[in-house]
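Visitor: I would like to take a close look at a single part of this structure. Please describe the contacts made there, and then what lies around that part.

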Amino acid sequence: MTANDSNPGILLNGLDGSNPLGFLAAVGVLRVTTNADSRSNWRMRWEAHTGGYWSPVLTGPPRITADSLIELLNPALKEMHGDPSFEFADDLTINCEEFRGVAQSAFDTTSLSDRRFADFIAAFGCDSIPIPISPKDERIQDTALRTMSGAGHQHFIGFMRELVESTEPGHLRASLFETWQYLDPKPSFRWDPLDDRRHALRWKEPSGDPVRTMRGANRLAVEALPLFPTAPGERILHTTGFTQSRDEGVLFTWPIWEVPLNIEATRSLISLAELQGPRPDRECLMARGVVEVYRSQRITIGKYRNFTSAVPV
């Protein structure tokens, strides 16, 4: 496979492929554009940016511009107001029986042309490996991408509803095409390593500082979740793209590729087992168009989870 030189596409130079939030936002863009305009053969590849990092290149219509992309993304994201995927709870601290009912509802309403609800439920968690809370109450295990559970008024699903309502075209433009200035107030999903606000990492005590984030990137990253479904293992729930070990804890690994891939090929690439080894096989991955692999550790600080700065592996 080679890049299509006749359609160079548009460089999303605001997104850094080595940042977990940047990568998720890029994949979210590909998923939203594909769903909103399936006839345009949307694809994504990555190229080395002059700033020293990888940025995604999106191809679709022959003459796509920043304005036309925002005009496509914004209404598609706004249409999700009231989406049942984000309405069943504020957090994923939900008991198995309740979640089973939500999953059944998603199954009953899914069709070949619209499987959004089911895909989000599969990404959120599973009731088949319960966590005992009391003799009569069992809680689901949930996605490794979940970073909050209501403490400090930070609500994983509630924040999704808030971002659907509050994200505007300017937020999308700033995240996709500009150097990130972190001018937006919360909510943030803590997928950006800069969301780690530990005292030891700041020159002053940070608890009184307002949270600043990139709202557009967080909104787009939400749309990447269906590409990271969960699946039950022998004792724990597994999330696509994640591994867990006693020594290193929970690790998130993702690829960077140089050939244009559509959403289904991207879904397959993200789930490759070859990505998850301690030292991924470069020769094997290069044959698939993968030019870099990044890995970030998920850490737990008090009541919250964060992701460390990624390293190439």
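Guide: The side chain of Glu223 makes a polar contact with the side chain of Arg116 at 2.7 Å; a polar contact is a pair of N or O atoms within 3.5 Å, where, within protein, one must be able to donate a hydrogen and the other to accept it, and residues adjacent in sequence count only if both atoms are side-chain atoms. The side chain of Glu223 also makes a polar contact with that of Arg31, at 2.9 Å. This is a predicted model, in which local features need pLDDT of at least 70 and side-chain atom pairs count only at pLDDT 80 or more, while totals for chains, interfaces and linings use all residues. Residues are numbered from 1 along each chain as its sequence is written, and side-chain values use heavy atoms, with hydrogens and water left out.

Glu223 lies in the loop between helix 7 (215-222) and strand 8 (230-232); helices (H or I, at least four residues) and strands (E, at least two) are DSSP runs, numbered from the N terminus. Glu223 counts as buried because its relative accessibility is 0%, where buried means under 20% relative accessible area, exposed over 50% and partly exposed in between (1.4 Å probe, protein chains only). Leaving aside neighbours within four places in sequence, the residues in contact with Glu223 (heavy atoms within 4.5 Å) include Gly28, Val32, Leu77, Met80, Phe86 and Phe120.

The largest nonpolar core has 85 residues, of which Phe88, Phe124, Leu176 and Trp191 touch the most other members. Such a core is a set of buried Ala, Val, Leu, Ile, Met, Phe, Trp, Tyr and Cys residues joined through side-chain atoms within 4.5 Å. Helix 1 gives this core its largest share, nine residues. Trp191, not counting residues up to four places away in sequence, touches residues that include Leu21, Leu24, Phe156, Val222 and Phe307.

Three strands form an open sheet in the order 1-3-2, with antiparallel pairing; two strands pair if DSSP finds at least two bridges between them. Strand 1 (10-11) and strand 2 stand at the edges, each with a single partner strand, so one side of each has no neighbour in the sheet. Helix 1 packs on this sheet, touching strand 2 and strand 3.

Key:
Axes are lines fitted to C-alpha atoms, for helices over the stretch in contact, and angles run from 0 to 180 degrees between N-to-C directions.
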